Amino acid sequence: MLDRTVTDWQALAGELQFEGRAFINGRYVDALSGQTRATVNPANGAELTEVALCGTEDADLAVKDARAVFEKGTWSRMAPMDRKMVLVRWAELIEKHADEIALLETLDVGKPISDTTHVDVPATVRTIRWSGEAIDKVYDEIPPTPADTLALVQRLPLGVVTAIVPWNFPLSTTAWKLAPSLATGNSVVLKPASNTPLSALYIAGLASEAGLPDGVLQVLPGPGGSLGRHLAMHMDIDGLTFTGSTPVGKQLMEYSGQSNLKRTFLELGGKSPNIVFADSNLEKAAAMAAVAVFYNGGQTCTAGTRLIVEEKIHDRFLEMVTGNARNWMPGNPLDPATAMGPMIDAGQFNTVSEYVGIGQGEGADLVFGGKRMLEETGGYYHQPSIFGGVHNAMRIAQEEIFGPVLSVIPFKTAEEAVAIANDSIFGLAGAVWSNNINTAHKVAEAVRVGTMGINNYFGGDITVPFGGFKQSGNGRDKSIHAFHDYTELKTTWIEFE
Ligand code: NAP
């Protein structure tokens with residue numbers, strides 16, 4: 001795998017079989033209406049395959065069967081050690097098919113093949129394996145109650161959960177949802193993003209092969225506005241887990257309130273601060289500042305889009321980051337040397353272009369990039385772009401662009417850096433770079449975000465919780481804490497005679 005060239009990957013892509021049907025009750029099926037929608041390769045705009053366009057009638061059927069299997073207990077009451085074995089086998093099957101799945105993800109999302117092979121697929125395998133292995137090691141509670149009484153505090157599965165996921169990390173966000181929700185015994189109805197349904201459909205078949213009972217995992221591709229809304233409003237769904245934009249997250253909370261108050265956990269947008277002090281390792285900080293914002297073409301919820309730099313090194317550091325930006329020129333995602341692929345579609349590209357115009361209109365200084373590239377391919381490739389002279393009140397510093405656009409903002413004191421970092425509706429992630437242990441810790445503690453790096457960006461693994469403060473969400477993916485989003489606490493109080 002490591003030695004494959006762009007030609008090898010192209011040849012493999014030619015042989016790949018695409019499965020675009022929904023996955024319901026352990027079988028691939030067409031939408032009841034027979035309708036389909038094309039999914040395209042963002043690298044060149046070519047159709048990959050037709051995908052089932054599921055509607056409310058498919059959803060009702062899938063929920064009914066997911067409920068029936070939940071009530072029957074085939075999975076929900078299976079011994080945790082047996083559920084573990086199914087999830088571990090599933091992880092092994094994904095690992096066995098790693099190259100095909102990575103290629104599928106690259107073709108459907110436009111992600112560089114070096115990322116899908118080294119990040120997305122391994123993270124998916126680790127997440128499913130870890131949650132499976134953890135589930136028979138989690139104990140419930142016996143609280144310290146008075147004599148002649150005994151209380152049991154148990155965590156029970158919610159029932160039927162729906163998971164709605166975005167297009168920027170389709171495979172890994174799917175795994176972040178499915179692994180803990182299935183491990184805790186729920187039935188799950190997954191709605192992938194319309195742009196990127198293929199990897200979720202592929203791994204659903206492998207779950208069945210691993211022994212997941214029919215109906216426990218249903219995958220319904222279809223539009224968010226109709227199918228997604230119907231699931232979120234469904235009276236027979238007990239939990240909703242979502243990763244996506246803040247505006248849609250707010251709608252989902254309303255849907256929950258308007259329907260049955262289903263437990264609703266949201267992982268939403270961000271505008272993450274990356275704070276650099278003059279006393280840090282500037283070479284490393286500059287290289288990572290570029291990674292933080294340009295990785296995945298900036299289509300990353302945790303992207304470090306606000307680079308907050310100590311004033312005395314501002315000009316020098318801006319030059320260093322600009323130097324690093326040259327390594328992020330986009331290219332063919334199937335080439336293992338490519339670091340950044342295209343934007344997901346024309347809509348996302350236009351949003352990015354508009355924000356470049358907005359930044360210029362606000363008086364910020366476009367010091368690098370700002371243009372479309374490789375137009376002849378049919379893909380929407382955008383140059384890595386950097387704005388200097390940014391004030392945190394500008395729209396380019398406040399609004400999530402979701403593209404490769406960096407805003408560089410100067411500060412004089414640590415207090416000012418923290419104030420700028422916290423002046424945001426978001427609170428997802430961030431980082432601080434300093435070799436002074438006091439500065440680093442104090443700033444890290446004061447920035448109101450769910451994940452903060454000290455002298456690193458994008459740090460973390462499956463052992464730590466991930467989620468947002470403020471309008472970046474309310475749930476937690478990953479780690480044992482993710483199990484809490486998919487379970488209810490139940491108390492049984494016993495009195496002895
Ligand atoms: P999005 O537009 O919010 O869509 C996310 C999912 O919601 C898609 O499956 C979409 O379906 C569905 N959807 C849309 N409208 C809906 C509605 N009214 N009811 C129910 N479902 C609906 O987000 P996106 O553009 O795919 O993803 C980018 C966003 O996700 C960014 O804001 C990013 O920051 C955020 N994100 C957050 C995290 C995190 O962990 N915090 C991680 C990754 C991404 P369609 O595809 O059919 O529209």
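1. Cys-301 is buried, because its relative accessible area is 19%; buried here means under 20% relative accessible area, exposed over 50%, and partly exposed in between, computed with a 1.4 Å probe on protein chains only. Cys-54 also counts as buried, at 3% relative accessibility. A search of the whole structure finds zero disulfides, a disulfide being taken as a pair of cysteine sulfur atoms within 2.5 Å. In general terms, such a bond is a covalent link between the sulfur atoms of two cysteines.

2. The model under review is predicted, and local features need pLDDT of at least 70, side-chain atom pairs count only at pLDDT 80 or more, and totals for chains, interfaces and linings use all residues. Residues are numbered from 1 along each chain as its sequence is written, and side-chain values use heavy atoms, with hydrogens and water left out.

3. The overall dimensions may be considered next. The protein chain has a radius of gyration of 23 Å, which agrees with the value near 23 Å that a compact globule of 497 residues would have. This radius is taken over C-alpha atoms, and the globule rule is 2.2 Å times the number of residues to the power 0.38. Along its principal axes, the C-alpha trace spans about 75 × 65 × 45 Å.

4. The secondary structure consists of 16 helices and 22 strands. These are DSSP runs numbered from the N terminus: helices are H or I with at least four residues, and strands are E with at least two. Of the contacts with a separation of 6 or more, 74% join residues 24 or more positions apart; contact means heavy atoms within 4.5 Å.

5. Buried residues make up 56% of the 497 residues in the protein chain. The accessible surface comes to about 19700 Å², and carbon and sulfur atoms contribute 53% of it; areas come from the Shrake-Rupley method with a 1.4 Å probe, and for residues only the protein chains shown count as cover. The chain carries 39 positive and 57 negative charges, whose mean positions are 3 Å apart. Lys and Arg count as positive and Asp and Glu as negative, while His and the chain ends are not counted; each charge is placed at NZ of Lys, CZ of Arg, CG of Asp or CD of Glu.

6. Is Lys-271 buried or exposed? Lys-271 counts as buried, because its relative accessibility is 2%. Lys-271 sits in the loop between β10 (263-267) and β11 (273-276). Beyond its neighbours within four places in sequence, Lys-271 is in contact with residues including Thr-305, Arg-306, Glu-399, Glu-400 and Phe-426. Its C-alpha atom is 7.1 Å from that of Ala-303, 32 residues away along the chain.

7. Two residues other than glycine deserve a check of their backbone angles. Most residues other than glycine have a negative phi. Leu-374, in the loop between β14 (372-373) and β15 (381-382), has a positive phi of about 55 degrees. Leu-374 is partly exposed, with a relative accessible area of 27%. Phe-458 has a positive phi near 65 degrees and lies in the loop between β20 (451-454) and β21 (469-470). Phe-458 is partly exposed at 32% relative accessible area.

8. Gly-467 is also found in the loop between β20 and β21. Gly-467 is buried, with a relative accessible area of 1%. Gly-467 and Val-109, 358 residues apart in sequence, are separated by 23 Å, C-alpha to C-alpha.
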